[in-house]
Amino acid sequence: MGHLKGENALKSQGGASLVEMMIALGILSVATLGLVASFRDVQRSIQMSRDKTLAANLAQEQIQIIEEESYPNVIPTLNPSFLSNGTPYDTVNFPPETILEGGVNFTRYTDIQVIMDKNGTLTPLPPTTPDTGMRQITVTVTWTQDSQTQYLSLNSVMSNPDTVEANSSLTGTVSDATTGNPIAGANVDVAEDLGWSSLTNPSGLYTISLSPGSFNLVASAPGYFTGYSFQSVPANNTITVNFSLTPMSSGTVTGEAWIEPNLVISQIVVSTPQADGYDVEYVELFNPTTNTIAINGNIELNYVSGYNATQCSDIPLNYVTDNIPPQEYYLIANTTTFTVNGSSISADAYYADNANLSCTPSAYNWSPPSTQDIMARGHSGTIWITNGSGNIIDAVGWTNNGSTHNPSYCNGTCIPQPSGGLAPGQEIVRASSPSYVNSFFAPAYNSGNNSVDFAYPGNLNPSLGISQIPISPANSQYASPTLISGVPAAGAVITSNDGLSSSTEAFISGNPPVAAFNLINVATGTWSVVITSSSYETENDTVTIAASNSIYVFPSTMSILNQTPSSGFISGTVTDANGNPISIPTAIEVSAAGSDSFANSSTGRYLLRVSSGMTDVTANPSSLNADYVSMSSNAITVLPGQIESGINFILTQGGRLSGWVTRDGINGLEGIPMSAIDSNGNTQDQEVTDATGHFQTVNLATGTYTVRIPLDSTEVSNPVVVSANALSGQTVFVGTFTITGALGTIGGNVTYKGNPISTGVLIVVTTDTLPSGPPNLSSASLTGISYYSTSSKEDGTFSLQVRQSTSPAYNIYGYYPEILPSGAISIVTQSLSNVSILQGQTVSGQNLSW
C-alpha cells in the first residue's frame with residue numbers, strides 16, 4: 001500500500017509513469033524520422049534549384065561570350081550533331097565544353113542558326129542561306145541528377161549592324177499583252193542576284209523581298225517573249241512593277257524523216273543484147289551510207305528462178321573493184337565491158353567462168369565466151385544479196401504473168417510483170433524517192449516493199465521523172481548522186497530549240513509511204529531542229545520561221561538520219577542584263593565531252609552538242625569576255641538525241657573580288673569571314689572562306705571596295721584591310737590575309753598552406769605596378785594601361801589570355817580573401833613580376849601561394 005501510495009504521490013507531483021515515457025519516446029521517434037525525410041526532400045529541392053541556376057548562368061555566360069564576337073565570326077552550324085532529346089549543336093566552330101561548377105559536371109552545347117523574320121515569326125533557314133542579318137544563338141547545358149540527364153536551353157538573337165537588310169520589296173503582275181489575262185507560273189528575277197526571284201500565282205501576282213538599290217528585272221514565261229525593266233528601289237518601300245508579255249508568233253516546220261538505208265540493189269536487167277549478139281545481164285548496187293563497204297569476200301550475190309526453182313547461191317565473181325565508196329555505185333555483170341544506150345561501161349565485178357556451177361539444178365550450161373546466162377529471160381525471179389553470215393541485206397523479186405509464179409525472198413510484194421516476165425531491154429530501177437526516179441538523185445528509197453520501191457515496165461509514171469527506159473547503169477567511177485530519201489523513219493522525234501514548240505513524231509503517210517512530220521507552234525526566228533529515231537539523228541541549224549503562220553519545209557537533203565546520237569543537245573540564250581544579245585559572240589563551255597559553242601551575237605542563242613548524262617554549262621568561262629562575268633548552270637541531264645532547252649544566261653557587267661586567308665602562308669583557313677565594303681561604308685557582300693582558305697565575292701558593281709577580315713581583339717591580320725577595284729567582267733585577286741593569334745596564355749596554381757584554393761582567387765595581370773589590394777577601375781581605365789583578370793577555378797588552377805608583351809613585362813597579382821579570428825575579412829596579396837609572353841605562347845607554372 002505504501003508503495004502504491006508513493007507512486008500516486010509521484011504522479012500527483014507531476015511525474016510520468018514508465019509506460020507513458022515509452023509512448024512519448026515512440027511519438028518523438030516518428031516525428032524525428034519525418035523531419036529527417038522532409039529535410040532530405042528539401043535538400044534535394046535546394047540542390048536541383050541550385051544546379052538549374054548554375055546551368056542558366058553557364059548558358060547566359062556563353063551567349064554573352066558569343067555576342068561579344070564580331071557578327072561574321074558567329075558562323076552558322078553547317079553539320080550539326082544532336083543530343084538524345086533532338087537538340088542540335090555545333091562541333092566545329094563552337095564545340096561542346098565540360099565545366100566543373102559547384103561540384104557538378106556541366107556540359108555546354110552551342111547551335112547557331114540563320115533566321116528570318118517572316119510576318120513577326122522568327123523562321124530558321126538552311127545554314128547556306130545568304131546572310132539575312134540575323135542569327136539565333138541557342139546554348140544548351142546538360143548535367144546528371146539522380147541518374148537522369150537534365151537539360152536547360154537559352155536562346156538569343158544576334159543582328160548584323162553592317163547588313164543592308166531586305167526591307168524593300170517589289171510586287172506586281174505578269175499578264176498576256178494580247179488578252180490581258182494573268183500568266184501563272186511566270187518567273188520574275190533580279191538579274192544582279194538570281195536568289196531574288198518569284199513565280200507568279202494563278203492571278204499572275206509576284207512579290208520579291210530585297211535590299212534597296214537599282215536593279216534589272218527580268219520576267220519570262222514559256223511561249224512569251226521575255227520582258228525587262230530597270231527599277232530603283234528605295235529603303236523601306238514597296239515598288240509595283242507590272243509586266244505585259246507578248247506571245248511569241250509561230251509557224252510550222254514540215255518535212256519527211258528518213259533513216260539512211262544499208263547497201264541496196266538499185267537496178268536489174270536480165271537481158272540487153274550487144275551488137276555482136278552477146279546477151280548481157282547485170283545487177284547494179286548502191287551504197288547510200290557514209291562508210292566504204294567491202295564487197296570482195298563480204299557480199300554475196302544470189303538468184304532464184306520462180307519458174308523452175310533454180311537457185312544460184314554466192315555466184316562466183318571476178319573482182320575489178322573490191323569496195324564501194326560512200327554513196328556510190330557498184331556494177332556486177334556477166335561480162336567485163338558492154339554497151340548501153342550507145343555508151344560503153346565496165347563492170348566492177350563479173351561472173352567467173354564457173355559461175356553456173358553455183359546453180360542447183362544447173363539449168364544453163366555455158367560454153368565461154370558465149371553468153372553466161374544466170375537470170376532467166378521471160379520468167380519470174382529474185383536477186384538478193386547477203387553478208388558473209390548469210391543474212392539477207394536486200395532482195396528484189398518480180399513475177400511472171402501477174403501474180404503467178406511468185407519467186408521467193410521478195411521484199412514485201414513482188415514487182416508484178418505480165419506474161420513473159422522481164423523482156424530483153426527492160427529493167428527494174430529503184431526510186432530516188434516517192435517523187436523521183438532518175439539519175440540525178442541517189443536510188444535509195446526503201447519502204448521494204450518491192451512493188452512501190454521500184455520503177456518497172458507497166459509502172460512508168462512521167463510525174464516520177466521517168467520518161468523512157470532504160471536508165472543507163474552506173475559503176476564505181478560515176479559521180480556520187482544526191483541522197484534525198486531512205487527508209488521512212490516512222491516514230492522519229494522532231495525537236496526544236498525555239499522554247500515554244502513541243503516535240504512531235506513522224507508518221508507514215510501516203511503510198512508510196514513516207515514518214516511525214518509537222519512541228520507546230522515553232523516561234524518566229526531561226527532555230528536548230530533535231531530529228532532522232534532509234535540510233536540515228538540529223539540536225540538542221542538554219543530552220544527559219546519568218547513570220548506568223550509561215551511554213552518551213554525541211555530540205556530533203558538534210559532529212560537523212562545518218563548520225564549516231566551518242567550525244568544530246570543543250571540550248572538557250574546568253575544576254576546582258578537588259579535582255580540584249582552581247583555584241584561579241586559569247587563562249588559556251590560544257591564539262592562533259594562535247595563541242596563547245598558560241599552564242600550568236602545577233603540573237604544570243606546557242607546550241608551545244610554534248611555526250612549524254614550529267615553536265616555543267618558555263619557561259620563566258622574564265623571571263624573570256626572581260627566586260628562580263630562568268631556564269632554556270634550545273635547538273636543538267638542530257639538524253640541521247642534530245643534537246644535540253646531553256647538553259648539561259650544573263651550576264652552582268654560587274655566584277656568579283658577574291659583572296660586567300662592563311663595561318664602560316666602554306667595552309668588555308670576554312671570558315672574565316674570576310675566583308676566587302678563600298679565607298680559609302682555599306683557592306684555589299686559577306687563570304688566565308690572555303691576548305692582551301694579561298695573566298696570570292698558575288699558579282700559586285702564596278703568601283704572601289706575595302707576588303708577586311710573582321711576579327712576580335714584576340715586575333716590580328718596582316719594586312720588588316722585591302723583596297724581593291726571591282727573591274728567590269730573580271731575577278732580581281734585582292735591578296736593574302738595572314739591571321740595569327742594576338743594573345744598568349746599565362747597559367748598557374750593558387751594554394752593555401754600547400755592545398756589548392758577552391759573558393760576562388762582574383763588574378764590580375766598588367767604591366768602596371770599595383771599597390772596592395774585590387775585595382776580601382778573606372779571609365780578612365782578604358783584608355784589607360786590594360787588589365788587582364790580572371791578567377792581561379794575550383795581545382796585551384798587559373799589560365800588567362802593576354803596580349804604579347806616583353807618590354808615592359810607583365811606583373812601577376814593574386815588577391816585572396818582571408819577571414820581573421822575576429823571575423824573581419826582581409827585581402828591578402830601575392831605577386832609575381834617580370835613575366836614576358838609572346839603572341840601564341842603559353843607560359844605556365846606561374847604559381848601563387850599563401
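Me: Which side chain meets Arg 108 in a salt bridge at 2.8 Å, N to O?
Reply: This is a predicted model, in which local features need pLDDT of at least 70, side-chain atom pairs count only at pLDDT 80 or more, and totals for chains, interfaces and linings use all residues. Residues are numbered from 1 along each chain as its sequence is written, and side-chain values use heavy atoms, with hydrogens and water left out. A salt bridge is a side-chain nitrogen of Lys or Arg within 4 Å of a carboxyl oxygen of Asp or Glu. At 2.8 Å from N to O, the partner of Arg 108 is Glu 61.

Me: How many residues apart in sequence are the parts that Arg 108 and Glu 61 tie together?
Reply: Helices (H or I, at least four residues) and strands (E, at least two) are DSSP runs, numbered from the N terminus. Arg 108 lies in strand 4 (residues 104–118) and Glu 61 in helix 2 (residues 18–67), so the parts tied together are 47 residues apart.

Me: Is Arg 108 buried or exposed?
Reply: Buried means under 20% relative accessible area, exposed over 50%, and partly exposed in between (1.4 Å probe, protein chains only). Glu 61, at 37%, is partly exposed. Arg 108 has a relative accessibility of 4%, so Arg 108 counts as buried.

Me: Which residues do salt bridges that share partners join into one network?
Reply: Arg 108 also meets the side chain of Glu 97 in a salt bridge of 3.1 Å, N to O. This pair links distant parts of the chain, eleven residues apart, with Arg 108 in strand 4 and Glu 97 in strand 3 (residues 97–101). Glu 97 is partly exposed at 30%. The network consists of Glu 61, Glu 97 and Arg 108.

Me: What is the relative accessibility of Asp 51?
Reply: Asp 51 pairs with Arg 50 through a salt bridge of 3.9 Å, N to O. Arg 50 is partly exposed, with a relative accessible area of 35%. Asp 51 counts as buried, and its relative accessibility is 3%.

Me: How many salt bridges does the structure hold?
Reply: Side chains of opposite charge can pair when their charged atoms come close. Among the salt bridges here are Arg 50 with Asp 51 and Arg 108 with Glu 97. The number in the structure is four.

Me: How many strands does the protein chain have?
Reply: The chain has 850 residues, of which 44% count as buried. Its secondary structure includes three helices, and the number of strands is 68.
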